[in-house]
Amino acid sequence: MRLLLIVALFFSTGVFAEEPNTCDLEVGHPSDPRKVGPGKSSSEVKLQLAVPGCREAVKNHPDNPRFHYQLGRALIYWADINNGDDSEGTESVRRAAEMDYPQALFVMGLLHKREKEACAAEPLTKRAADLELKSARITYVHDALNGIYEGCLTVDKKIMMEYLEKAATQVSGYYESLLLTNLKRE
């Protein structure tokens, strides 16, 4: 029975369950469905623990996209606080996105939008939505309705409604439900 549970977990998440390490505990994102541990908001992250913990995790597990994403998150926060260059953090998130990690795909889409590169953001956000990331599903529809992807794609209303219907099963709370209702109406 235990072996069956382990096999089911492997196929449902793509990775074996594992004990959270310092990287997971200090900088896992609360809305990352593949996080290991509770997740922390940006204001709760202890960078003096997160950065070395994630560097160690990446060193020991170079093929684990979660660690690359979390290291990138920590390094980007570090750069923001210190008015520094966030290119190392961005590169780490990019590496995780190349490994098809949903949260990293979504963040790379956000970074491209920040740089006014909507056509580069669209496929990343869509891929994260296809991988069942709630925030990507909602953001994709919001951005498409607001013309962010204008000139990049032909908006497929059927796909957008599917994203919203699937996101409706993932939301929690009044404000997320209100947002979904408004997006469906639009």
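Start by selecting Lys116: this residue comes after helix H6, and its phi is positive, near 60°. Keep in mind as you go that you are looking at a predicted model.

**Stop 1: helix H6**

From first C-alpha to last, H6 reaches 19 Å over its 13 residues, close to the 18 Å expected at 1.5 Å a residue. Is this helix mostly enclosed or open? Of its 13 residues, 11 are buried, so H6 is largely enclosed by the rest of the structure. Colour a few of the buried ones, including Pro102, Phe106, Met108 and Leu111. Then show H4, H5, H7 and H8, which are among the elements that cover them.

**Stop 2: His112**

Which residues touch His112, apart from its neighbours within four places in sequence? Select Arg94, Glu117, Ala120, Ala121 and Leu124 to see these contacts.

**Stop 3: from Arg94 to Glu91**

Arg94 forms a salt bridge with Glu91, and their closest N and O atoms are 3.3 Å apart. In general, an α-helix has 3.6 residues a turn, so residues three or four places apart point the same way. Glu91 is partly exposed, with a relative accessible area of 41%, and Arg94 is partly exposed too, at 30%.

**Stop 4**

How many salt bridges does the structure hold? There are 11. For another one, select Asp143 and Lys113, whose side chains meet at 2.4 Å, N to O. This pair links distant parts of the chain, with Asp143 in helix H8 and Lys113 in helix H6, 30 residues apart. Asp143 is buried, with a relative accessible area of 5%.

Next, select Glu26 and Lys40, which meet in a salt bridge at 3.0 Å, N to O. Glu26 is in helix H2 (residues 22-27), while Lys40 is in the loop between H2 and helix H3 (47-60), so the pair links parts of the chain that are 14 residues apart. Are these two residues buried or exposed? Both are buried.

Finally, show Asp86, Arg114 and Glu115 together: a network of salt bridges links them.

**Stop 5: His68**

Move to helix H4 (residues 65-81) and select His68. His68 is buried, with a relative accessible area of 9%. Beyond its neighbours within four places in sequence, its contacts include Val58, Pro62, Ser92 and Met99.

**Stop 6: helix H9**

End with residues 157-168, helix H9, where the 12 residues should span 16 Å at 1.5 Å a residue; the end C-alpha atoms are 16 Å apart, which agrees. Colour its buried residues: Met160, Tyr163, Leu164 and Ala167. Turn the view to look down the axis of H9: these buried residues fall within an arc of 95°, so they line one face of the helix. They pack against helices H7 (118-130), H8 (134-145) and H10 (174-185).

Methods:
Residues are numbered from 1 along each chain as its sequence is written. This is a predicted model: local features need pLDDT of at least 70, side-chain atom pairs count only at pLDDT 80 or more; totals for chains, interfaces and linings use all residues. Side-chain values use heavy atoms; hydrogens and water are left out. Contact means heavy atoms within 4.5 Å. Helices (H or I, at least four residues) and strands (E, at least two) are DSSP runs, numbered from the N terminus. The expected span of a helix is 1.5 Å times one less than its number of residues. Buried means under 20% relative accessible area, exposed over 50%, partly exposed in between (1.4 Å probe, protein chains only). The arc is that of the directions from the helix axis to the C-beta atoms. A salt bridge is a side-chain nitrogen of Lys or Arg within 4 Å of a carboxyl oxygen of Asp or Glu.
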